[in-house]
Amino acid sequence: MVELKMPQKEVIIKVIKNQPSKTHTVLSSLLAVSNEFHYIPKNSIQLIAEYTKKTVNDVWGVASFYTNFRFTPPGKSTLDVCWGPSCHLMGAQKLLKDVHKLLGINEEGETDDGKITLRYSTCLGACAHAPVCAIDHKLFGKTSINEIKDRINDI
Ligand code: FES
């Protein structure tokens, strides 16, 4: 498991205070932190609460409402595997099983070495090329576990 090293308080405060928008809200502060660190470090919740004069519960309420916010650092690269209808028909279920085996994980999340984040997608928007995957947002279709393995090795 990757050790979780949170950013320093002073760095987070600087990010919160330097938001480009004129109005600083809980949501805009969460977005600023997420844009900077690619996740919401737990220690930033208290700092955002203090800065916006809200409670920690208020900040958690907003942060946990939006599924795009994550609370652990992502892997260095992201592998999206589509399991939407077209991809499902073209073998995404088996592909996903093979990806789990390849990465040594059983669900979405980070590999033990922190190199890859696996995410499931309900449609990557290239259904005609099913089954579709993406590494760091670069799509590739009509794929196979061997191609995924090669692309991951190339990272
Ligand atoms: S269902 Fe997989 S790309 Fe649309």
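In which loop does Asp-136 lie? Asp-136 is in the loop between β4 and β5 (138-140), where helices (DSSP runs of H or I, at least four residues) and strands (DSSP runs of E, at least two) are numbered from the N terminus.

The structure is a predicted model: local features need pLDDT of at least 70, side-chain atom pairs count only at pLDDT 80 or more, and totals for chains, interfaces and linings use all residues. Residues are numbered from 1 along each chain as its sequence is written.

The overall layout comes before the details. The protein is divided into domain 1 (9-65) and domain 2 (77-154), with bounds that come from an automatic or database domain assignment. Taken over C-alpha atoms, the centres of domain 1 and domain 2 are 32 Å apart.

Lys-53 sits in the loop between α3 (42-52) and α4 (56-65). Its phi is near 60°, a positive value in a residue other than glycine. Lys-53 is exposed, because it has 8 C-beta neighbours inside 10 Å.

Asp-136 has 11 other C-beta atoms within 10 Å, so it counts as exposed.

The loop between β3 (116-121) and β4 (133-135) contains Pro-131. The peptide bond that joins Ala-130 and Pro-131 is cis, with omega about -5°.

Terms used. Buried ≥ 20, exposed ≤ 12 C-beta atoms within 10 Å, placed from the backbone.
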